[in-house]
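Please keep the structure in view while reading.

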Amino acid sequence: MRFNLSQLLKENVGVKRVYSFSETFELIPEVGADIVSGDIIATRMDKGVWVSGKIETNVSLECGRCVELCARQLAFEFSEEYLQTVDMGNNLDLNQQDKLDIEEGKFTLDGDHTLDLTETIRQYAIINIPINPLCRENCAGLCGICGINLNINKCFCVDKGDVRWSPLRNFLGVKEDI
Ligand SMILES: [Zn+2]
Ligand SMILES: [Zn+2]
């Protein structure tokens with residue numbers, strides 16, 4: 001996801017460019033994210049560009065209850081400033097503070113005026129991965145005793161060990177013949 005912004009950097013502050021893309025590459029191999037598409041708006045700022053975008057990628061996540069893999073789309077937005085590191089004929093004056101900002105790990109444009117969004121999108125995608133995803137809202141999960149996937153099969157295990165259900169059993173008058 002690289003965009004050459006040479007032309008935009010020659011424009012005045014406030015000028016915008018819109019880009020759309022769809023690329024296939026390994027964004028986060030651990031969750032299978034490998035198709036990345038989106039729309040971005042790059043706005044010329046006095047020290048670089050402000051970029052905001054809407055991104056979508058495919059992920060394959062383990063359900064938090066039944067541990068089956070479930071495919072879904074991950075959609076998120078981002079907004080970041082990318083500092084210019086090389087003058088573009090606009091007498092860029094990299095003063096001391098700007099140099100410090102660049103050193104402090106702020107996003108920057110490459111020396112050839114290229115905006116590389118790969119790392120930004122990777123970071124935002126990781127933040128947006130749901131922590132405890134479910135394959136479906138009413139996923140029945142795994143049997144705590146035999147481990148069978150209760151979405152697919154039924155079992156006849158009686159879980160006496162899970163104390164979380166004791167109050168419910170008592171309420172329902174279920175005999176706890178332990
Ligand atoms: Zn599930
Ligand atoms: Zn069971």
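1. Contact. Two residues are in contact if their C-beta atoms, placed from the backbone, lie within 7 Å. Apart from its neighbours within four places in sequence, Ala42 has contacts with Leu5, Leu8, Lys16, Arg17, Val49, Val51 and Leu115.

2. Basis of the note. The model is predicted; local features need pLDDT of at least 70, side-chain atom pairs count only at pLDDT 80 or more, and totals for chains, interfaces and linings use all residues. Residues are numbered from 1 along each chain as its sequence is written, while chains are lettered from A and ligands numbered from 1 in the order in which they are written.

3. Confidence. The predictor's confidence in each residue is given as pLDDT, from 0 to 100. Its mean over the protein chain is 86, and 81% of the residues reach 70 or more. Which elements mark the two ends of this scale in the chain? Confidence is lowest in α4, at a mean of 64, and highest in β4, at 95.

4. Elements. Helices (H or I, at least four residues) and strands (E, at least two) are DSSP runs, numbered from the N terminus. The protein chain has four helices and six strands, and their order from the N terminus is β-α-β-β-β-β-α-β-α-α.

5. The sheet. Two strands pair if DSSP finds at least two bridges between them. Four strands form an open sheet in the order β2-β3-β4-β5, with antiparallel pairing. At its edges are β2 (16-28) and β5, each of which pairs on one side only. From one strand to the next, the twist averages 20°. Strands of a sheet pair through backbone hydrogen bonds, either parallel or antiparallel.

6. Pairing in detail. The antiparallel pair β2 and β3 has 10 bridges; within it, Ser22 has Ser37 of β3 as its bridge partner, and Ser20 stands opposite Asp39 in β3. Another 10 bridges join β3 to β4, also antiparallel, and here Met45 is partnered by Gly48 in β4. Between β4 and β5, which are antiparallel as well, there are 15 bridges, with Gln73 in β5 as the bridge partner of Asn58.

7. Hairpins and positive phi. The hairpin of β3 and β4 has two residues between the strands. In the hairpin of β2 and β3, with four residues between the strands, Gly32 takes a positive phi near 75°. The hairpin of β4 and β5 has six residues between the strands, and Val67 there takes a positive phi near 60°. Most residues other than glycine have a negative phi, and most peptide bonds are trans. Val67 is not a glycine, and neither is His113, whose phi is positive and near 65°. His113 is located in the loop between α2 (96-103) and β6 (114-116).

8. Burial. A residue is buried if 20 or more other C-beta atoms lie within 10 Å of its own, exposed if 12 or fewer, and partly exposed in between, with C-beta atoms placed from the backbone. Of the 178 residues in the protein chain, 15% are buried. In β2, one of the 13 residues is buried, so this strand is hardly covered. Why does Val67 count as exposed? Val67 counts as exposed because it has 12 C-beta neighbours inside 10 Å. His113 is partly exposed because it has 19 such neighbours.

9. The core. A nonpolar core is a set of buried Ala, Val, Leu, Ile, Met, Phe, Trp, Tyr and Cys residues joined through C-beta atoms within 7 Å. The largest one has 20 residues, and those that touch the most other members are Leu5, Ala42, Val49, Val51, Leu115 and Ile121. Two or more residues come from each of β3 (33-45), β4 (48-62), β5 (69-83) and α3 (118-128). With five residues, β4 gives the most to this core.

10. Axes are lines fitted to C-alpha atoms, for helices over the stretch in contact, and angles run from 0 to 180 degrees between N-to-C directions. α3 packs on the sheet and touches β2, β3, β4 and β5, its direction making about 130° with that of β5.

11. Ile145 lies in the loop between α3 and α4 (166-172). Ile145 counts as partly exposed because it has 14 C-beta neighbours inside 10 Å. Ile145 and Phe156 are 11 residues apart in sequence, and their C-alpha atoms are 9.8 Å apart in space.
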